[in-house]
Amino acid sequence: MTGDFKIILIPLLPLLSFLLLGLFGRKYLRESSGLIGTLSLLGSALLSVFTAYNYFFVTGKVNGVYQPLVVLQQTWLEFSPGVNIDMGLLIDPISVMMIVIVTFVSLMVHVYSLGYMKGEERFATYYAFLSLFTFSMLGLVLSSNIFQIYIFWELVGVSSYLLIGFYFDRPSAVAAAKKAFIVTRFADLGFLIGILVLSFGAETLDFKTLIERLTTSTPQLHNMVITTFLGFSSLTWGLLLVFAGGAGKSAMFPLHIWLPDAMEGPTPVSALIHAATMVVAGVFLVARLFPVFAISAPGALHVVGYVGALSALFAAVIACTQTDIKRVLAYSTMSQIGYMMFALGVSGYGGEHGLGYMASMFHLFTHAIFKALLFLGAGAVIHYVHSNDMEDMGGLRSKMPVTHLTFLIACLAISGIPPFAGFFSKEEILTAAFEHNKLIYGIALSTSGLTAFYMFRLYFNIFWQKDFHAEHSGHHGEGPWSMLVPLMILGVLAAVAGFVPFSLFITSDGKELETSVNIVFSVAPVLFALTGILIAWRLYKSENEVPAKLARAFGSFYQGAFHKFYIDEVYLFITKKVIFNLVGRPSAWIDKNIVDGGVNLSVDLTEDTSGLIRNWQSGNLQQYAMWFFAAVIGLVMIFMSAWK
Amino acid sequence: MNHILFLSTALFFIGVYGFLTRRNVITMLMAIELLLNSVNINFIAFNKYLYADKLDGVFFTLFLIAIAAAEASVAIAIIINIYRNYRSIDVDDVDSLKW
Amino acid sequence: MTASSFIFYVLAAFILGSGLLAVTSRKLFRAAIYLLFSLIGIAGLYFWMNYEFIAAVQIVVYVGGIVVLIIFSIFLTHHVGAEMEQPNRLRMGFAALAAFLSFVFCALVISKNEFAIPDQAPVPLTVDRIGMQMLSLTEHGYILPFEVVSMLLLAAMIGCIVIAMKLPEKTS
């Protein structure tokens, strides 16, 4: 395939930029590091678009089906014939879509950070970390081998840790970075065990081969289905464990606790990582293994669906009560990813049944655009107001016109109002849910109403409600051009991206699918959304007492939602009271007393023994002679008796 | 011939006893001379009774006497040095090479 | 008992007696003299065995050289007339025990062994024969040990001088 080597440049350019900026940035390249990072990303973005064009329109299709193409493959480690860890690049519809999204959003964030992070002392380090993250994410989506995806998965986790804890002199940032890394690492334990189970069963680590073996009737599939453990087949266990890893990275309940805290990082970082790219890695993983889920283990797919739906509703409820604007957006992200997950969960495989898959990927695409836009807009607001809290904001619409307009577009998009992007993707999701699982459909519908409500609550609180008192700041303008241009570009895209005929390109089995908008069906969700917007208008457009009264009326439920349903406290309880006391303390005691004690005991023994023996070397010549003589006589006796 | 061997053995062990017991360095040297002499008697005895046609035992004895002389002189030199440094020739006082 | 063996027993008693006194005497000078007697007794033994040359060498080197050397060193380092201390009882008893037991062991070994005395004509031990054999280069020649021993004597001489010499005071 032409352009083979150009494809490897896509992740390679950010890697080179990372190395360059990481090694030399602090001393030599501080001023230009932003430009270097942005230029390398521009290169990657152009190459990705070119690759996408090539794949979707020119060379990808064979007999009307998009083929997964392995572009490069290099055997790295061979465990046994067939089970190798290869390093390779896999091009198929979802990976091409992902590289376009990742590079594009990353490019927007790079440009935006030129203005947002200006004057930051560790400017070059920031861009180095951003490049590292982009490289890891691109490697992740292009992986052809399940172990390779694990390697890049961990790399993404590391980059996230570095970026969340960027302001390392703040203890809250450091704690948040640790929390993110530990929670995702814990989930990755499940992922690793899942990898081992799947690769052991299918006797391969390569994606293409794995999917082929586990979706057609092969002896490996038969074996995996037959071996059961606690009532589930080993295939189901493998897939569920892999999903556990994905759930950790995508902040599904109950592994979601790290995402709100991760907002301690700089806002462009939140836009890139925790909205558009890293958190969808879990969805991407399930999508990658989707044929196996759908064809051979539909039970696992049900679990995926319910977890996604539950997370969506859970996050939406909490988001209605939060006052930190970044936290509202974080919970919104969790909710939307829940949408993507359950869309996969209700999907079947092939043709019309695969609608959920297509809808999930479509929503991933549009969500990346408008969530990045929301975060960047929030960043602009924070930059202006110097505070994260909704209470400090209000009436900013006249002071920040560009931000206001683009933020409004994004809110409309996320609420699913036509003709903006979110409407089309959400409609497909709801259609798929309606056809397969009415309960999930109901949850989805109510969640979309809540989504509209809390997003517009946020919008009205920031841009309307009260007049802004410029106590802290506001004397500089809305923001430099480098911050406004990405907002404008993303705003335009959020408006029109819904019209992309997605189903022609990305479906569960690679064949084209004709979809159309069912007007009658769409009435219900749009109505829910408009109701939410109206309620928010009533409550928040101008200051009044109604929200506070409602909060008191809901009473303990409101308190619970405000405190994020105390999940963090439960985790703290488990770790502190149970794990530390039952496992940690005894282990420490054993280590200090028994292990160290053993070593100390041997030391003491040696010392005492040597103290006893030491007197042998008395310096007394005759004593030495006596021993010498005795030994000689002894030897003579031995030789004489042995000689016979 | 066995009697001569008994004699030399007894002399040897008298020398050993003297070496292990005496405190004065010079008397230790004297005991060493007794040891060497007992070995000489042994060589001569074997030469006379078992190998009468060869002279090897005689030669051994001659060389051994020469070596004993050399060794005794070196030992005296060391003793004089010890006396200079430790102001005593008691072997129990010369125990610096201990732990 | 023949005269020869009688003389042998007398000599043996003399040698062992002097040796014993030499190692147990408390006066240093007397110990040296007892050693002298013991060595002379050994020379007498050599004479009894008809090895006159060795006996002569013994007297000249051992008695005339080494014992004199020992006596010189006694005078250099000791108050001659004083008594020496007894070693402590434990060590004395232990050493005596060890020596005695080892002697018994060796004696048993020797007595069990029967030495076969061959019927060969003894070679007369004349000085010129000894000299010729010592310096000959043929199979039974001892010229190499001769040279080595002479070098050893040289080394010993130089060594003694070096060890025992007093370094002159360095004046700066």
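At what angle do the axes of helix α6 and helix α9 of chain A cross? Keep that in mind while you look at the model, which is a predicted one.

Here is the pair. Helix α6 of chain A covers residues 171-202, and helix α9 of chain A covers residues 234-249. Their axes come within 7 Å and cross at roughly 155 degrees. Angles over 145 degrees count as roughly antiparallel, so that is what α6(A) is relative to α9(A). The crossing of α6(A) past α9(A) is left-handed. Now the residues in that contact. By class, α6(A) with α9(A) brings together 15 nonpolar, eight polar and two charged residues.

Next, chains B and C. Here 57 residues of chain B are in contact with 68 residues of chain C. Look at the chain B side.

Last, the cores. The largest nonpolar core has 213 residues. Which of its residues touch the most other members? They are A:Ala372 and A:Ala494. The top contributor to this core is helix α16 of chain A, residues 355-385, with 21 residues. Stay with A:Ala372. Beyond its neighbours within four places in sequence, A:Ala372 is in contact with A:Val105, A:Met108, A:Ala271, A:Ala275, A:Ala276 and A:Leu490. Another core lies apart from the largest one. This other core has 58 residues, including B:Leu5, B:Ala68, C:Ala32 and C:Tyr142.

Note on methods. Residues are numbered from 1 along each chain as its sequence is written. Chains are lettered from A and ligands numbered from 1 in the order in which they are written. This is a predicted model: local features need pLDDT of at least 70, side-chain atom pairs count only at pLDDT 80 or more; totals for chains, interfaces and linings use all residues. Axes are lines fitted to C-alpha atoms, for helices over the stretch in contact, and angles run from 0 to 180 degrees between N-to-C directions. Helices (H or I, at least four residues) and strands (E, at least two) are DSSP runs, numbered from the N terminus. Angles under 35 degrees count as roughly parallel, over 145 as roughly antiparallel, 65 to 115 as roughly perpendicular and the rest as oblique. A crossing is left-handed if the near helix is turned anticlockwise from the far one by less than a right angle, and right-handed if clockwise. Ala, Val, Leu, Ile, Met, Phe, Trp, Tyr, Cys and Pro count as nonpolar, Asp, Glu, Lys and Arg as charged, and the others, Gly among them, as polar. Two residues are in contact if their C-beta atoms, placed from the backbone, lie within 7 Å. A nonpolar core is a set of buried Ala, Val, Leu, Ile, Met, Phe, Trp, Tyr and Cys residues joined through C-beta atoms within 7 Å. A residue is buried if 20 or more other C-beta atoms lie within 10 Å of its own, exposed if 12 or fewer, and partly exposed in between; C-beta atoms are placed from the backbone.
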